[in-house]
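Below is a short briefing on one protein chain, grouped by topic. Please read it alongside the sequence and the model.

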Amino acid sequence: MPQRHSKNNNDLAFFTYDEKRKLGYGTQKERLGKDSIKPFDACCLCLKSLIDPMSCQKGHLFCKECILQCLLSQKKHIQRKLAAHAAQKKQEKEDEEERLMLQKAKELDAFDQQNHGAVPQSSDRNYSRDKNGFHGANSVKVTSYEEEALRTMKAFWLPSATPEASVKVEAPSTSTTCPEGKEKLKLKTLFPIQFTDDTSEQKKSKSLDKTYICPSCKVTLTNTMSLVAISSCGHVFCKKCADRFMAVDKVCLVCNKACKERNLVNLEKGGTGFAGHGDHLEATDFKHLGSGSGLGLVRPAMKT
């Protein structure tokens, strides 16, 4: 018979520390692998290899078709919001005109009753019901304070005092935004990207995947490198070559096209709702024990 030990003692009414650890209790941490990091040559929208790549001024890369569809859908959404806002403004104007007409009619009626002593008569049997929904003596002895309270209070049991669930549509912004950086983005600010393919025979024989190199130093571009694109021509260099040559000579090394310092755009390596990037490539998952079974709820993983 095995010796009684704290790690083997499972007949307690509570979980021991070792049992909690075996069940995965607490915060579990794991470093994100390569599959969880978006490659530098992948679209930020479809997460696939770039086709006709285009970049915004913040360095986010998109496929041309993806970003055009995104901007078009944003334009349609803005048009729907503008139409709803215009309809709401029209309805508010009509309600205000109707309120002014009713107020004017009420003032004329009060003036006519004061000068001619006219008392409204009605043969309707339900005339004893006032506008607040009460009957009998309560409807006769309603003071102005009580009338104001009945009009403003939120009483769901009174049909006349039921609050209306009106949703107010705010005036939407007419500017389209970048789906990745959330800054304002226009179609004319996008510029095409031109990667330099690695055409060496050694690379062709080793891998079927397309690889890109820096046209200056011929180094293979990877996620570990900082990349710079020139917005005037679209050629991509590593940051070392860009700082050493383009920032000083003010000219592209491939096409000899003039470029200024503001034309140098740092490309983002990765980072979307499905991929991590940066220095903190660690995923955390918190699990707490349920009542009785030990199989508690699990909070979704958080990536930082």
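Asp52 sits in the loop that joins β1 (26–31) to β2 (53–55); strands (E, at least two residues) and helices (H or I, at least four) are DSSP runs, numbered from the N terminus. This is a predicted model, in which local features need pLDDT of at least 70 and side-chain atom pairs count only at pLDDT 80 or more, while totals for chains, interfaces and linings use all residues. Residues are numbered from 1 along each chain as its sequence is written, and side-chain values use heavy atoms, with hydrogens and water left out.

**Positive phi in loops**

- Most residues other than glycine have a negative phi.
- Asp52 is not a glycine, yet its phi is positive, at about 50°.
- Asp52 is exposed, with a relative accessible area of 52% (exposed means over 50%, buried under 20%, partly exposed in between, with a 1.4 Å probe and protein chains only).
- Lys182, also a residue other than glycine, has a positive phi near 65°.
- The loop between α4 (144–152) and β4 (191–192) holds Lys182, which counts as exposed at 62% relative accessibility.

- An open sheet is formed by three strands in the order β8-β7-β9, with antiparallel pairing; two strands pair if DSSP finds at least two bridges between them.
- β8 (236–238) and β9 (264–266) are the edge strands, each with a single partner, so one side of each has no neighbour in the sheet.
- From one strand to the next, the twist averages 35°; axes are lines fitted to C-alpha atoms, for helices over the stretch in contact, and angles between N-to-C directions run from 0 to 180 degrees.
- Three bridges link β7 (residues 227–230) to β8 in the antiparallel sense, and Val228 has Phe237 in β8 as its bridge partner.
- Helix α6 (residues 239–249) packs on the sheet and touches β7, β8 and β9, where contact means heavy atoms within 4.5 Å.
- The direction of α6 makes about 105° with that of β8.

**Annotated segment**

- An unreviewed UniProt entry annotates residues 75–106 as "coiled-coil region"; such annotations may be inferred rather than shown by experiment, and positions follow the numbering used here, with feature names shortened.
- In the model, residues 75–106 are 100% helix and 0% strand, with the end C-alpha atoms 46 Å apart.

**Whole chain**

- The protein chain has six helices and 11 strands.
- Of its 304 residues, 28% count as buried.
- Among contacts between residues at least 6 apart in sequence, 53% join residues at least 24 apart.
- The accessible surface comes to about 22,600 Å², of which 54% belongs to carbon and sulfur atoms (Shrake-Rupley method, 1.4 Å probe).
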